[in-house]
Amino acid sequence: MSGLKDLLLRLGIAKVARPLLGGAGAILVFHRIRPHDPSLHFDANHRNSIPPEQFIALLDILAADGVEVVSLDEALLRLQGPPDRRFVCLGFDDGYRDNNETLLPIITARRIPVTIYVVPGLIDGTAPLWWYALDEVIMREATLRLPIPEETTLDAGDAAAKQRAFGQAMHFMLTAAPSATAPMVAALAGRYGVDFAALASRHMMDWPMLRQLAGCPLVEIGAHTMTHPALAALDAAAAAAEMSESRARLERETGRRVHHFAYPYGTKRTVGAREIRMAAELGFRTAVTTAPGNLMRRGSSPHDWPRHGIGPGDGAAALRLKLAGIRNPLHAFGR
């Protein structure tokens with residue numbers, strides 16, 4: 001795929017597509033800035049991490065291409081005003097420790113703004129960090145017995161089987177109601193010894209770290225619900241509470257107003273018209289999904305903004321194609 005991306009750039013596809021598909025700017029979504037641990041023979045969550053040198057290289061590419069990194073509030077202004085220099089916004093989801101330890105020094109040195117969307121329950125250790133629990137259990141087990149929702153035995157005997165097991169369990173967790181996912185969390189803790197509080201302590205920021213981040217004028221703290229559920233699986237009252245209570249908790253802890261929101265998971269399956277309407281009614285200035293796409297001057301609701309995910313496989317060619325509006329190189333010629 002990387003060869004195809006490079007070929008498309010050499011053919012000038014990005015330059016042709018950008019005026020039609022590139023819009024005014026884009027939002028890039030990250031989770032973690034940390035090197036890959038080669039000692040882990042299974043690490044499904046590696047796809048949500050990029051090493052510091054890759055992040056710095058991407059910033060260099062943006063600067064070389066004349067793409068300005070701006071805040072979400074600035075993006076709102078630019079979409080409402082006359083055409084201006086191309087821009088991107090940078091978002092980091094969940095609230096991981098390396099956002100404080102690794103990301104903060106980089107953005108401070110580069111003087112670039114970021115938004116960090118935080119889940120208070122993950123900071124507290126009261127919301128289950130189930131995706132890392134699955135990583136931990138699948139890495140060491142050859143088979144798993146999990147209620148998804150019926151008791152199911154999953155093969156995890158080799159690398160391919162482990163990926164399938166993770167995918168099957170993840171699909172269930174992203175689509176089921178909390179009442180159905182609770183037995184899964186209990187099984188991970190009871191049968192397989194996952195210490196969710198210790199897991200959160202290892203991966204997530206604590207409140208002093210978050211307050212340090214919030215004290216940086218380059219950092220915007222955004223809400224990301226209280227417990228990171230799939231909002232579409234909740235009833236309306238529970239979904240609204242997840243959204244509003246996360247904002248209130250973050251404002252109490254940081255002393256700063258919270259104006260922006262990110263939907264957990266952010267896919268079409270987990271975010272619908274109801275959730276988009278709620279974000280607007282709750283007074284968030286913007287709310288972001290994980291649907292790939294760029295920010296257009298017309299017809300772009302600020303409560304349904306798309307974002308391009310950036311992972312370890314995204315280098316210069318991938319970034320440039322995404323900013324040109326080509327989110328899948330295999331479809332470039334057809335589009």
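This is a predicted model: local features need pLDDT of at least 70, side-chain atom pairs count only at pLDDT 80 or more; totals for chains, interfaces and linings use all residues.

User: Where does Ser39 lie?
Analyst: In the loop between strand S2 (32-33) and strand S3 (49-50). Helices (H or I, at least four residues) and strands (E, at least two) are DSSP runs, numbered from the N terminus. The C-alpha atoms of Ser39 and Phe284 are separated by 42 Å, and these two are 245 residues apart along the chain.

User: And Ser49, buried or exposed?
Analyst: Ser49 counts as buried, at 2% relative accessibility. Ser49 lies in strand S3.

User: What does Ser49 touch?
Analyst: Leaving out residues up to four places away in sequence, Ser49 touches Arg32, Arg34 and Pro312. Contact means heavy atoms within 4.5 Å. The side chains of Ser49 and Arg34 are also joined by a polar contact of 3.0 Å. A polar contact is a pair of N or O atoms within 3.5 Å; within protein, one must be able to donate a hydrogen and the other to accept it, and residues adjacent in sequence count only if both atoms are side-chain atoms.

User: Ok, switching to charges. How many salt bridges are there?
Analyst: The count comes to 21 salt bridges. A salt bridge is a side-chain nitrogen of Lys or Arg within 4 Å of a carboxyl oxygen of Asp or Glu.

User: Why would side chains pair up like that?
Analyst: Side chains of opposite charge can pair when their charged atoms come close.

User: Show me one. What does Glu68 form a salt bridge with?
Analyst: With Arg85, where the closest N and O atoms are 4.0 Å apart. Glu68 lies in strand S4 (residues 68-69) and Arg85 in the loop between helix H4 (72-80) and strand S5 (87-94), so the pair ties together parts that are 17 residues apart in sequence. Glu68 is partly exposed at 26% relative accessible area, and Arg85 is partly exposed too, at 41%. There's also a network of salt bridges that links Glu68, Glu74, Arg78 and Arg85.

User: Which parts of the chain does the pair of Arg307 and Asp93 link?
Analyst: Those two form a salt bridge, with the closest N and O atoms 2.8 Å apart. The pair links distant parts of the chain: Arg307 is in the loop between strand S11 (286-288) and strand S12 (308-309), Asp93 is in strand S5, and they are 214 residues apart. Arg307 counts as buried at 0% relative accessibility, and Asp93 is buried at 3%.

User: What about Arg97 and Glu101, how many residues apart are they?
Analyst: They are 4 residues apart in helix H5 (residues 97-110), so about one helical turn separates them. Arg97 forms a salt bridge with Glu101, the closest N and O atoms being 3.5 Å apart.

User: New topic: which residues have the most contacts inside the largest nonpolar core?
Analyst: Phe30, Phe55, Leu90, Phe92, Ile116, Val219 and Tyr263, in a core of 52 residues. A nonpolar core is a set of buried Ala, Val, Leu, Ile, Met, Phe, Trp, Tyr and Cys residues joined through side-chain atoms within 4.5 Å. Not counting residues up to four places away in sequence, the residues that Tyr263 touches include His224, Met243 and His303. Another core, of 38 residues, lies apart from it, with Tyr192 and Phe196 among its residues.

User: Which residues of H3 are buried?
Analyst: Pro52, Gln54, Phe55, Leu58, Leu59, Ile61 and Leu62. Just after H3, Gly66 takes a positive phi of about 75°.

User: Last one, the whole chain: how many helices and strands?
Analyst: The secondary structure comes to 14 helices and 12 strands. Buried residues make up 53% of the 335 residues.

Definitions and conventions. Residues are numbered from 1 along each chain as its sequence is written. Side-chain values use heavy atoms; hydrogens and water are left out. Buried means under 20% relative accessible area, exposed over 50%, partly exposed in between (1.4 Å probe, protein chains only).
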